[in-house]
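Grab a pencil and work through a few exercises on the structure below.

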Amino acid sequence: MNTEVNLCGLTLSNPVIPASGCFGYGREFADFYDINILGSFSFKGTTLQPRFGNETPRIAETPSGMLNAVGLQNPGVRHVIAHELPEMKACFHKPVIANVSGFSLEEYAETCALLDAQEQVGLLEVNISCPNVHGGGMAFGTDPKSAAEVTKAVKRVTKKPVFIKLSPNVTDIVSIARACAEAGADGLSLINTLLGMRVDLKTRKPILANRMGGLSGPAVLPVALRMVYQVYEAVSIPIMGMGGVACARDVIEMMLCGASAVQVGAANLVNPFACKEMIEQLPGEMERLGISSLKEIIGGAHL
Amino acid sequence: MQYQIIENTQIAPDVFLLDLVGETSMIKAPGQFCQIAIPGFFLRRPISICDWDADGMTLIYKAVGRGTDALARMEAGDTLDILNGLGNGYDLSECGKKPLVIGGGVGIPPLYHLTKALTDQGVIPTVILGFNKKDEIFFLDEFSFLGVPVILTTADGSAGKKGFVTDALPEDFDYAFACGPLPMLRAVAQRCPRGQLSFEERMACGFGACMGCTHETKSGPKRICKDGPVLKTEEVIW
């Protein structure tokens, strides 16, 4: 069974990649298992300046999923480079994915340039789709023109492959995907969370302090599959597919829709061994389904 | 890790005692908690550990929503998937000379093993337990059996001293361990600036990955699940 995949020249031993915001900097999971079995992982979304994030509550449960409104809590890119990356080196020896957010084109560019210079960073994932921050994040990802501007601004200052992480909270994700591809993106990550909310029946007020938050978990899997499928038909750059992936079968389904690699988010939060179990289950599932090499099934669901 | 239910019984209105058999070697300190997967619900439920020994542990929880209601319907013999030994717990190396142990309602359970551990190291704390009213009282005798002075308060005066836990403080104390509702913790901090307070927060993972439960403190942002749930009184921003 061959589980190897490629992302813009980066060879991954398997397509399973913990998604940004659901894996911290890897340390907490390294206490549970040897995280070097992962294809790679996308570390906590990083901004130029440190951010505390939103007030709590930041988490609410939903049927088959959860809402989060963390709001990009992170210590800022300089602290990440000085402290988090060196500590990460102790538990993860493969190239890592640097996830970047910003509030202006200049911020995106400056943060990406700093991370691009780090040897540990294999590729950059530019988040233009965070639903939980105001005046930035998703605002760039809901309009093809500004999505293209961020892509160009980042590509201008980086040498490493740049993936743009897209929002599902749009009418037509294909137009945004095309705009990013035409602006020079090396790949696309999709989907970020879907904007949602819940109300506490006792207080009669929204549960989340931010009122709204991003929906993730198995509830969003079919939406993610549909969007990966649509975007795969529209662009020729590789896709990292994500949204509700919870088992090896979901990984295969996401790849059939067009994903070259698959990110796993919320599943890590309810089962810290989720990615390990998926990686271990993959060969068995491939055998049952008559798949000898995962690479060959990418986009296989397209007629 | 799998745990088998030995007992899951109601001990006060909406309050249940859950006795479990399973691995407990990962529990390092009183005040730590576990995350219980409840069949049919996506997120685990964080519950503080009331007591443990080599063979198993006791939890006390309140049924406050659909998840904990479903937990309350589980029976002896059923198994639960639990992430155990989470959070920092109380630091017993620091406890002053005359410590108080103060609990309100379902904040009381983790203080039981804490009180045991303090007496084991030769420190006899004064325990103050607060409830809303008489029929909500639980674990009063269990604390008394530990051989420590126990003061009972109820908000409506139907048992013990009328009022809140902070209305029943003894004259002489220099340290306070507490767990309970936020207004109670704030009142305790005002009366006793040295101590350790256990906080509650909505959380997802429970092991420090998602940043879903972060509180700002005087020593920087702290994840209640990983850097807490116990914070030093002096670092809390009110």
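**Exercise 1.** Work out which elements cover the buried residues of α5(A), and which side of the helix those residues take up.

*Solution.* Keep in mind that this is a predicted model.
- Start with the cover: it includes α4 (144-157), β8 (162-165), β9 (187-190) and α6 (221-234) of chain A.
- Next, list what is being covered. In helix α5 (residues 173-182) of chain A, the buried residues are A:I173, A:I176, A:A177, A:C180 and A:A181.
- Now look down the axis: these residues span an arc of only 135°, so they sit on the same side of α5(A).
- Finally, check what comes after the helix. A:G184 follows α5(A), and its phi is positive, near 110°.

**Exercise 2.** One of the covering helices, α6(A), also meets α7(A). Decide how the two axes are oriented and which residues make the contact.

*Solution.* Two packed helices are described by the angle between their axes and the distance between the axes.
- Take the distance and angle: the axes of α6(A) and helix α7 (residues 248-257) of chain A come within 8 Å, crossing at roughly 30°.
- Angles under 35 degrees count as roughly parallel, so α6(A) is roughly parallel to α7(A).
- Pick out the partners. From α6(A) come A:L221, A:L225, A:V228, A:Y229 and A:Y232, while α7(A) brings A:D250, A:E253, A:M254 and A:C257.
- Sort them by class: 7 nonpolar, no polar and 2 charged residues.

**Exercise 3.** Hop over to chain B and describe how domain 1 meets domain 2.

*Solution.* 
- Count the contact: domain 1 of chain B puts in 14 residues and domain 2 of chain B puts in 12 residues.
- On the domain 1 side, β1 (2-12), β4 (45-52) and β5 (56-62) of chain B each give two or more residues. β4(B) gives the most, with 5 residues.
- By class, that domain 1 side splits into 10 nonpolar, 2 polar and 2 charged residues.

**Exercise 4.** Which strand gives the largest share of the side of chain B that touches chain A?

*Solution.* 
- Begin with the totals: 20 residues of chain B contact 24 residues of chain A.
- On the chain B side, the largest share is 3 residues, from strand β13 (residues 214-217) of chain B.
- To finish, class the chain B residues that touch chain A: 12 are nonpolar, 4 polar and 4 charged.

Conventions
Residues numbered from 1 in each chain as written. Chains lettered and ligands numbered in written order. Predicted model: local features only at pLDDT ≥ 70, side-chain atom pairs only at ≥ 80, totals over all residues. Contact = placed C-beta atoms within 7 Å. Helix = DSSP H or I, 4+ residues; strand = E, 2+ residues; numbered from the N terminus. Nonpolar A, V, L, I, M, F, W, Y, C, P; charged D, E, K, R; others polar. Buried ≥ 20, exposed ≤ 12 C-beta atoms within 10 Å, placed from the backbone. Arc of directions from axis to C-beta. Domains from an automatic or database assignment. Axes fitted to C-alpha atoms, helices over the stretch in contact; angles between N-to-C directions. Parallel < 35°, antiparallel > 145°, perpendicular 65-115°, else oblique.
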